[in-house]
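Colleague: I would like to learn how to read a loop residue and a chain interface. Please take me through them.

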Amino acid sequence: MKKIEAIIKPHKLEEVKEALNALGVAGMTAYEVKGYGRQKGHTEVYRGAEYTVDFRPKVKIELVVDDELAAKAEAAIIEHASTGKIGDGKVFTYDCEGAVRIRTGERGPEAL
Amino acid sequence: MPAIDFGDTSFILICSALVLFMTPGLALFYGGLVRSKNILSTTMHSFFAMGLISVIWALVGYTIAFGSSDGPLGAFIGSFDHIGLAGTIGEVTGTIPTPVFAMFQGMFAIITAALITGAFAERIKFSAYAIFIGLWSIIVYAPLAHWVWGGGWLMERGALDFAGGTVVHIASAAAALAGAIVVGKRKGFGKANFQPHNLPMTVLGAGILWFGWFGFNAGSALAANELAGTAFMATHLSASAAMLSWLAFEKIQHGKATTLGAASGAVAGLVGITPAAGFVGPMAAIVIGLVTGAVCYYGISLKSKFGFDDALDVVGIHGVGGTVGALLTGVFAAEAINGVPGLLEGNGALMLEQLIGVVATIAFSFTVSYILFKLLDKTIGLRVEGDAEEIGLDLSEHNETGYVL
């Protein structure tokens with residue numbers, strides 16, 4: 001099993017979710033997060049006072065998939081989260097050692 | 001006894017409720033501008049004034065402001081014949097029952113005290129704040145109201161202040177300046193991020209202030225008559241014009257018109273027209289709005305130039321706007337509106353009276369406020385201690401959290 005974490009632009013979440021659904025990915029967790037990479041922050045002005053906002057709002061999704069689905073899922077995220085502009089985000093893939101469905105006690109890929 | 005006019009009475013009853021509603025409006029206006037950890041303490045600074053100042057007004061404030069001027073100190077404070085609102089029941093003021101007049105005026109005392117609190121938001125002790133505004137409303141607000149409206153020396157000289165440009169806005173801003181200086185800057189001022197945490201709240205607050213201001217200004221005619229109508233018109237037009245000029249300057253300087261700029265500009269225009277509302281015509285009101293919006297846009301940068309942390313710009317908006325409005329009242333007062341000509345109609349002498357009113361108000365309010373703040377600082381301490389400021393005043397001063405998510 002592989003765990004995929006992706007940081008994406010918030011408005012791309014729906015599109016990425018649809019694409020992963022179409023691949024048969026059974027579920028995911030999404031977070032509203034803040035962060036910065038090469039895009040860096042921006043400046044906001046309140047009554048003439050300028051504030052540099054370093055952390056930009058992003059969405060982080062996490063999903064665990066069977067090994068054979070991992071490459072396709074990664075490719076789907078990259079395709080559907082892309083705008084071609086700076087700040088599109090990143091995808092990280094890890095090995096996942098175990099998974100349990102709490103209600104039934106199923107383990108491994110059956111739990112996904 | 002003069003006759004009670006039922007139309008006037010019902011109008012002023014409604015206006016009293018409108019003026020009261022400005023204070024929770026102010027709580028929203030100020031509350032949105034602070035960080036989320038101080039939303040409740042900032043709200044309390046306005047809302048608590050509704051409780052405290054009302055009781056103080058009934059006990060002593062009203063008689064100091066509107067007691068008879070016949071006593072030896074009559075030019076400065078009213079006599080004490082109305083302590084505890086004694087002698088108001090059954091009396092008539094103008095064409096309305098005196099209890100209605102006393103309640104209408106009491107609502108002004110509340111909002112004026114609440115306005116000050118923007119200066120020391122996010123760092124003052126609740127106890128020090130409460131003692132300060134309570135004493136201030138007795139020692140500063142009530143005498144000032146007497147000077148200008150209660151038959152005191154400024155009224156005798158002929159200075160014009162229709163609804164409180166000096167008494168409310170300049171007085172609260174002078175106290176705010178003293179407060180900002182004595183209590184000191186917020187931790188991290190100039191370095192940390194003091195982004196407003198909820199601007200929709202601030203805009204709603206500005207809208208409620210605008211709505212309530214019709215009671216404030218039109219109601220200051222103390223009758224449901226043409227003067228109330230022209231004051232209503234002037235109030236509305238000034239707020240609108242000031243929003244436009246503030247945004248125009250903002251757009252030129254920073255490239256974008258901001259929501260906070262629209263709200264701030266409207267409030268600045270409301271402040272600017274407050275002394276003038278019952279003395280000027282509609283086109284003069286638009287000019288007053290345009291000028292006030294522009295001057296206050298630059299007024300808010302005073303604090304960074306002079307290095308005091310007036311957290312929510314009480315000085316920049318209410319002090320600068322109130323001063324501009326008081327002086328422009330002297331310029332644009334029209335005989336056709338309320339029988340008093342201003343500079344443009346050849347009465348240059350009025351300008352001097354307006355200037356005296358402004359200077360006397362600033363000097364009196366600033367001096368007494370400064371002494372009060374210093375005394376509190378030396379005795380119970382003005383400022384929250386330790387890491388209370390980092391934790392936020394909601395938790396450290398009130399044992400509450402504004403947003404539970």
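Modeller: Start with Asp309(B), which lies in the loop of chain B between helix H11 (302-306) and helix H12 (314-332). Helices (H or I, at least four residues) are DSSP runs, numbered from the N terminus. This is a predicted model, in which local features need pLDDT of at least 70, side-chain atom pairs count only at pLDDT 80 or more, and totals for chains, interfaces and linings use all residues. Residues are numbered from 1 along each chain as its sequence is written, chains are lettered from A and ligands numbered from 1 in the order in which they are written, and side-chain values use heavy atoms, with hydrogens and water left out.

Colleague: Is Asp309(B) buried or exposed?

Modeller: Buried means under 20% relative accessible area, exposed over 50%, partly exposed in between (1.4 Å probe, protein chains only). Asp309(B) has a relative accessible area of 0%, so it counts as buried.

Colleague: Which residues is Asp309(B) in contact with, leaving aside neighbours within four places in sequence?

Modeller: Contact means heavy atoms within 4.5 Å. For Asp309(B), the residues are Ala119(B), Arg123(B), Ala180(B), Lys185(B), Arg186(B) and Phe189(B).

Colleague: How many residues of chain B are in contact with chain A?

Modeller: On chain B there are 17, in contact with nine residues of chain A.

Colleague: Which residues form the salt bridge there, and how is one defined?

Modeller: A salt bridge is a side-chain nitrogen of Lys or Arg within 4 Å of a carboxyl oxygen of Asp or Glu. The rule finds one across this interface. Arg47(A) pairs with Asp313(B), the closest N and O atoms being 3.1 Å apart.

Definitions and conventions:
Helices (H or I, at least four residues) and strands (E, at least two) are DSSP runs, numbered from the N terminus.
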